[in-house]
Amino acid sequence: MLLPTGTSLEIRYLAVASDAWGTGVGLDLLSHVLEHARVNGFATIDLWVIDTNTRAIGLYERGGWLRTDDLKSQIETRRIERRFVHRVRGEANPC
């Protein structure tokens, strides 16, 4: 789900079925979101990922996402999430 928040577009939920892991579908999805953000004039895309989800973090980093120091705790699970940001305008490392 995508949520516009001012000049940023936030990815609220992104998941890939485990049988599709490693096929490139995750990077393809992120590439489509980046193009959508460009066409619609957003400056950045934000998302939060569980800080121990190394598979997802690796995907985001390979796609040019920047890890931030912003952390929050999920109330229900008490898991820590970390914010990642992708710049849309003046992009040097597209997804």
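Helices (H or I, at least four residues) and strands (E, at least two) are taken as DSSP runs, numbered from the N terminus, and two strands count as paired if DSSP finds at least two bridges between them. Within S2, I noted Glu10 as the bridge partner of Leu3.

I keep in mind that this is a predicted model, in which local features need pLDDT of at least 70 and side-chain atom pairs count only at pLDDT 80 or more, while totals for chains, interfaces and linings use all residues. Residues are numbered from 1 along each chain as its sequence is written, and side-chain values use heavy atoms, with hydrogens and water left out.

**The sheet and its helices**

I then traced the whole sheet, which is open, has 5 strands in the order S1-S2-S3-S5-S4, and shows mixed pairing. Its edge strands are S1 (2-5) and S4 (66-73), each of which pairs on one side only. Neighbouring strands are turned by 30 degrees against each other on average, direction ignored; axes are lines fitted to C-alpha atoms, for helices over the stretch in contact, and angles run from 0 to 180 degrees between N-to-C directions.

Looking for helices against this sheet, I found that H1 (residues 25-39) lies across S1, S2, S3 (44-50) and S5, at about 155 degrees to S2. Helix H2 (residues 54-62) also packs on the sheet, where it touches S3, S4 and S5 and makes about 160 degrees with the direction of S3. Contact here means heavy atoms within 4.5 Å.

**Salt bridges**

I counted 7 salt bridges in the structure, each being a side-chain nitrogen of Lys or Arg within 4 Å of a carboxyl oxygen of Asp or Glu. In one of them, the side chains of Arg83 and Asp46 meet at 3.1 Å, N to O. This pair links distant parts of the chain, with Arg83 in strand S5 and Asp46 in strand S3, 37 residues apart. Salt bridges that share partners join Asp46, Asp70 and Arg83 into one network.

Arg12 and Glu10 also form a salt bridge through their side chains (3.1 Å, N to O). For burial I used relative accessible area, with buried under 20%, exposed over 50% and partly exposed in between (1.4 Å probe, protein chains only). Glu10 is therefore buried at 13%, whereas Arg12 is partly exposed at 45%.

**Two further residues**

Last, I checked Gly22, which lies in the loop between S2 and H1 and counts as exposed because its relative accessibility is 83%.
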